[in-house]
Protein chains: 2
Amino acid sequence: MTVTIKDIAKASGVAPSTVSRVIADNPAISQATKEKVRQVMADLHYYPNYNARRLASRKSRTVGIVLPAASDAFYHNPFFPTVLRGINEAASQAQYALLLSTGEGDQTRLDHLQNMILGKQVEGLIFLYASREDPLLQFALSQDCPLVVIGNLPGIDVNRVDNDNPAIAYQATRHLIKRGAKKLAFIGGDPKQQFVKERLAGFSQAMEEAGLDLADGAVYNDLPFLQSPGYELARRELLKKDFDAFVFADQLLAEGAYQAMRQLGLDPSWMVTFKAYSDPDLGQIEGYPYFDLHSQDLGYQAMQVLLEVLAQAEDAHCHRYIYQCVTSDFISNE
Amino acid sequence: MTVTIKDIAKASGVAPSTVSRVIADNPAISQATKEKVRQVMADLHYYPNYNARRLASRKSRTVGIVLPAASDAFYHNPFFPTVLRGINEAASQAQYALLLSTGEGDQTRLDHLQNMILGKQVEGLIFLYASREDPLLQFALSQDCPLVVIGNLPGIDVNRVDNDNPAIAYQATRHLIKRGAKKLAFIGGDPKQQFVKERLAGFSQAMEEAGLDLADGAVYNDLPFLQSPGYELARRELLKKDFDAFVFADQLLAEGAYQAMRQLGLDPSWMVTFKAYSDPDLGQIEGYPYFDLHSQDLGYQAMQVLLEVLAQAEDAHCHRYIYQCVTSDFISNE
DNA sequence: GTGAAAGCGCTAACAG
DNA sequence: CTGTTAGCGCTTTCAC
């Protein structure tokens, strides 16, 4: 029924291995036979079977995308589609396929990850989140599965790509201070997230350097990364205490707070945040300054790093961990 | 090196085929041997190789996700991650894997799709967009690849899931008219998109029924589905002509226009749109009413329909096309 | 209930 | 440059 490599071999009077080599565009094959074989392949509508190929070569040319446990906070954040687009782009160029790690619950996610790794479905992984105690990461590491993490995990040796969070938070804070802010608040959301810690560090450093001290209760945590908590917080707290400027570690929290500020007729240019991407045409509209984290590039670089890791694993080179820093742009309409 | 089914067979004193049956939980195998074999599998850390399994069984248990050509408009829209989450959930439950159709350019996308189908990588496809002349869809159809489209393609027989666009646009328009709107504008964006046509139809019907007529130039097209064009349009056009209410076919265009209205101190409750999801806590914040399209459910149902199609393909049942309508909720804080 | 044997469609030494 | 020969690890008749 299906036309296989053997059919092509017979029809073009060569051996199956020759056909295989033609498919791989092996330089050892003469141009003449290549053309002949290709012609036959076209005539017979031959198409290589990926499963057979993967089995025989023990290479899947597929990478797994590992998502955190499903939550609104993750799926509502522009980070996810943006970074995925970047990964997609790089994977496509390198002829790699992307397999999504499905699964809502924690156990399911681990099961799926095991399927991927132990079932030889993927050659490597990209983690779209960084979490220190993550059982999925632990498992992947324990299996020596090549991987790259988007984010930072101090003390854990992994390949990773990330923005320079302390530096951008520092600059963002400096921006507000230079404009004259004295009583700043930092809205972190979840202090267990490494990027929150790092942005807080940058914030604190800028404060300290400017001789400003952190008022009691000026650091807000325990907020899911969504719009409504930002909105609620702004109405309930921030705008009642006499803060004069705000650094939001998360884009969605910032957006919620922005709504509240608009409603109350407050000037949003006293807040700053970090976004997955920027719409250049939107420059004049954005009510507040932010860092464009270039999340698409983050994804693209993550895939590039993984490809490098995969290549060096093959050449059995030394095991050096790669860290790729992705730059960010400060966007302000002042 | 790797422990295979044969090793298990030897170690537990049965035939490879028996081990295979144990993996599949075949009822023909006695409980006793099942347990014995499973014990050995655990002891030896056996894990089935998916590529071998897929090759031998000629079933991939994988579905391909087909995305439109990469564009900001697609990746910036909450529709994509939301619908993907729903697909993910259903796929996970059914033990299906998801393969993303990578590719930026049109030719690349087609190539990848061919790889997926002809290379036997997927059993079916979910199209995250509906486009009449789409070469990818044409190709998939020509190969009789089981598929479901999210959206509508009148005149083309395909399995699909969708919202009832005419009905919700009708209701949205009615809402504005009941409130007293007389001069309404419809901001479509791209009239080639089927959902825009359908929402326009619902809009027009409501207008007609109310005895209102469409002013010249009251239908806006040729706008990318992004925030900034919505913003620009609102500032440049909408708010200068004396429209008193607006129906936005697209969420992002609406968001842009909303910014403009806020800046100009206008009441946004005279606009209405359609969103991928709603944040229940955000009810009081939202400045304008909208339909929640339940895009996550759209994705979930799409996967369910595909599973049905796959099942009935196996049973060689009659070829009936499935249409699954997903309900939407009107969200308004009035 | 279980085993033997024949593939699934391709790759990869090893020859020549 | 090309052919021969073994597999890759699993599923699936068909026997018994």
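Trainee: Which domains does the assignment give for chain A?

Mentor: This is a predicted model, and its chain A is assigned domain 1 (5-57), domain 2 (62-162 + 296-331) and domain 3 (165-292). Notice that domain 2 is written as two stretches, 62-162 and 296-331.

Trainee: What separates the centres of domain 1 and domain 3 of chain A?

Mentor: Taken over C-alpha atoms, the centres of domain 1 of chain A and domain 3 of chain A are 59 Å apart.

Trainee: How are chain A and chain B related?

Mentor: Here is the general idea: two copies of a chain are related by a rotation about an axis and a shift along it. In this case, chain A is superposed on chain B by a rotation of 180 degrees with 0.0 Å of shift along the axis, and the RMSD is 0.1 Å. The two copies are therefore related as by a two-fold rotation axis.

Trainee: Through which surface do the copies meet?

Mentor: They meet through the same surface, because 100% of the interface residues of chain A are also interface residues in chain B.

Trainee: How many cavities of 30 Å³ or more does the structure hold?

Mentor: Rolling a probe the size of a water molecule over the atoms shows where empty space is left. This structure holds 4 cavities of 30 Å³ or more. Let's look at the second largest cavity, with about 120 Å³ of space.

Trainee: Which residues line the second largest cavity?

Mentor: Both chains take part: the lining includes A:Asn51, A:Arg54 and A:Gln121, along with B:Asn51, B:Arg54 and B:Gln121. At least two lining residues each come from helix 4 (50-57) of chain A, strand 2 (97-100) of chain A and helix 4 (50-57) of chain B. By class, the lining has 3 nonpolar, 6 polar and 2 charged residues.

Trainee: Now for a helix. Which residues of helix 11 of chain A are buried?

Mentor: An α-helix has 3.6 residues a turn, so residues three or four places apart point the same way. In helix 11 (residues 227-238) of chain A, the buried residues include A:Tyr231, A:Ala234 and A:Leu238. The buried residues of this helix pack against strand 6 (184-189), strand 7 (219-221), strand 8 (245-248) and helix 12 (251-263) of chain A.

Trainee: And B:Ala90: is it buried or exposed?

Mentor: B:Ala90, in helix 6 (residues 79-93) of chain B, counts as buried because its relative accessibility is 1%. Leaving aside neighbours within four places in sequence, B:Ala90 is in contact with B:Tyr300, B:Met303 and B:Gln304. B:Ala90 and B:Leu307 are 217 residues apart in sequence, yet 9.4 Å apart in space, C-alpha to C-alpha.

Methods:
Residues are numbered from 1 along each chain as its sequence is written. Chains are lettered from A and ligands numbered from 1 in the order in which they are written. This is a predicted model: local features need pLDDT of at least 70, side-chain atom pairs count only at pLDDT 80 or more; totals for chains, interfaces and linings use all residues. Side-chain values use heavy atoms; hydrogens and water are left out. On a 1 Å grid over the protein atoms alone, a cavity is a set of points where a 1.4 Å probe fits but cannot get out, and a pocket is an open set with protein on both sides within 12 Å along at least five of seven lines; lining residues have an atom within 4 Å of a point. Grid points are joined across faces, edges and corners, and a volume is the space filled by probe spheres set on the points. Helices (H or I, at least four residues) and strands (E, at least two) are DSSP runs, numbered from the N terminus. Ala, Val, Leu, Ile, Met, Phe, Trp, Tyr, Cys and Pro count as nonpolar, Asp, Glu, Lys and Arg as charged, and the others, Gly among them, as polar. Domain bounds come from an automatic or database domain assignment. Buried means under 20% relative accessible area, exposed over 50%, partly exposed in between (1.4 Å probe, protein chains only). Contact means heavy atoms within 4.5 Å. Copies are superposed by least squares on the C-alpha atoms of residues with pLDDT of at least 70 in both.
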